[in-house]
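The following note sets out comments on selected side-chain interactions.

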Amino acid sequence: MHRDKICIIFALEGIFHMNLPGRSVRSRPEIRRKVKILSYLYTYITNHMKRVTIKDIARHLCLSVSTVSRALANDKNIRQETKERIFAAARELGYSRNIIAANLRTGRSHTIGVLVDQMVSPYAAKVLKGINSVMRENGIYVVIYDADNDPEIEREYINFVNTALLDGLIIAHCNHPANVELFKTLHRNGIPMVFLRNSLDGIDEPMVGVNSYDKGFFLVDHLVCSGCRRIVNVKGPSLSGEIRDLDKAYRAVMRKFDLDIVPELQVEAGVDMCAGRKVADDLLDNEVDFDGVFAINELVAIGVMNRLMERGVKVPDEVSVAAFTGSLLSEMIYPKLTSVETPLEEMGRQAAELLIRKIKQPDIKHEGVLIDARIILRESSHPQNKYAESIQV
C-alpha cells in the first residue's frame with residue numbers, strides 16, 4: 001500500500017512537470033492528456049487505496065473488531081501486550097482515526113467555537129491563549145470566529161454555528177440588538193454557551209467577567225479626587241450589561257461628590273481608537289468644557305488621548321484620562337494609561353473550564369465567575385506622581 005502511494009506521488013510529479021518537445025505545456029491536447037491520466041489515477045486511488053479501518057487491523061492480527069476498537073480507545077481491560085501489538089499494526093498499516101465517524105457515534109465533536117468581537121485587540125489574544133491552554137489539556141479543538149466588530153459578520157457566524165457540530169460556544173459578542181434573537185435561538189437549540197464580560201438579557205447562560213460597577217466606581221472616584229470636575233463619560237453600546245454598570249458607577253460618583261451630570265458630557269461611541277479620536281474631535285470642535293475622560297476601554301482612551309495631544313491639549317495637565325479595560329498596551333504608550341487590568345489569560349481559562357463543565361453536565365445550572373482585577377494608576381490621570389501606583393480593590 002505504501003509502495004502504491006509512492007508510485008502515485010512520482011506519477012503526479014511527472015504529470016505536472018512534463019513538457020513534450022515543440023509543444024506548449026498549455027496546449028489543449030497536452031491538458032486533455034494530463035486530465036485523462038489524472039482521471040485514471042483518481043480511479044485507481046479510490047478503488048485500491050481506501051482508508052484503513054479497524055476491521056483491517058482486526059483481520060491483519062486475527063483479533064475481533066471489538067478488541068481492536070477498545071484497545072485503540074485505551075480500554076484498561078485490554079492487556080498491555082495486546083494494545084502494543086494493535087498500536088504497532090495500526091502504524092504499519094497507516095491507520096488514522098475517522099474523527100467524523102467517531103463524532104457521529106458519540107454525538108460529540110470535541111470541538112468548541114469562540115466568537116470574538118474583535119480579534120486584533122490585545123484583550124482577545126490573551127483570552128484566547130487561556131482558552132486554548134485548557135482545551136488542549138482536555139483534547140478539545142478550538143475554532144475561532146472573528147466578527148471584526150461587524151454585526152453582519154457576527155450574524156453569518158451565528159447562523160453557521162447553528163448548523164455546525166460544535167460541543168459548545170464561548171461568546172464575546174458585538175453588543176448589537178439585531179443579533180440577540182439569533183443568540184436566543186442558539187440557546188433554545190441547547191448549545192452550551194458561556195459569555196465573556198457581557199451576557200445578554202433573556203438568555204440564562206453564565207458569564208465570566210469582572211465586577212464592573214465596583215472597578216468603574218473607583219476609577220471615576222480617582223478622577224474626581226485628582227481634581228477633575230467635568231468628566232466625559234464615554235459609553236459603548238447600551239446593550240452591554242457591563243456598559244450599564246459603568247454608567248451607574250459614573251452617576252453614583254457624581255452624586256457622591258454632589259457634581260452635576262451634564263448631558264453634553266455623556267457620549268456614546270464605538271470601541272476602537274478611531275471612535276476615541278472622533279470623541280476628542282467632537283468635544284473640541286463643539287468647545288465642550290471638560291477636564292477628565294472616563295472611557296470604556298483602552299483603545300478608545302488611547303484614541304482620545306492621542307487626538308487631544310495632537311490638537312495641543314496636555315494630558316494629564318489639562319485633561320486626565322482613564323480606561324475601564326486595559327492590558328500591556330496601557331503600559332507601552334505615552335503617557336502611560338490609568339486602567340483596570342483584568343488577568344485576561346485567567347479569564348479565558350475560567351471560561352473554558354466553565355464551558356467544559358456545562359458540556360459534561362448539561363442538566364445542571366452553572367453559575368458565572370467574577371475575576372478580580374487590578375486598578376493601576378498611571379501618568380495619564382496622576383500628574384502629581386512620577387511613578388505608577390498599583391492598587392487592587
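1. The model is predicted. In it, the side chain of asparagine 179 makes a polar contact with the side chain of arginine 155 at 2.9 Å. A polar contact also joins the side chains of asparagine 179 and glutamate 154, at 2.7 Å.

2. Asparagine 179 sits in the loop between β3 (168–171) and α9 (180–188). With a relative accessible area of 0%, asparagine 179 is buried. Leaving aside residues up to four places away in sequence, asparagine 179 touches Pro151, Glu154, Arg155 and Ile158.

3. The count of salt bridges comes to 25. In one of these, arginine 230 pairs with aspartate 289, and the closest N and O atoms are 3.5 Å apart. Arginine 230 lies in the loop between α10 (212–225) and β6 (231–235), and aspartate 289 in the loop between α12 (273–285) and β8 (292–297), so this pair ties together parts 59 residues apart in sequence. Arginine 230 is partly exposed, at 23% relative accessibility.

4. Arginine 311 forms a salt bridge with aspartate 281, the closest N and O atoms being 2.8 Å apart. Because arginine 311 is in the loop between α13 (298–310) and β9 (320–326) while aspartate 281 is in helix α12, the pair ties together parts 30 residues apart in sequence. Aspartate 281 is buried, with a relative accessible area of 18%, whereas arginine 311 is partly exposed at 35%.

5. Aspartate 285 and arginine 311 also meet in a salt bridge, 2.9 Å from N to O. Aspartate 285 belongs to helix α12 and arginine 311 to the loop between α13 and β9, so parts 26 residues apart in sequence are tied together by this pair. A network of salt bridges links Arg277, Asp281, Asp285, Arg307, Glu310 and Arg311.

Terms used: Residues numbered from 1 in each chain as written. Predicted model: local features only at pLDDT ≥ 70, side-chain atom pairs only at ≥ 80, totals over all residues. Heavy atoms only, no water. Helix = DSSP H or I, 4+ residues; strand = E, 2+ residues; numbered from the N terminus. Buried < 20%, exposed > 50% of the residue type's maximum accessible area, 1.4 Å probe, protein only. Polar contact = N/O pair within 3.5 Å; in protein donor to acceptor, adjacent residues only side chain to side chain. Contact = heavy atoms within 4.5 Å. Salt bridge = Lys/Arg side-chain N within 4 Å of Asp/Glu carboxyl O.
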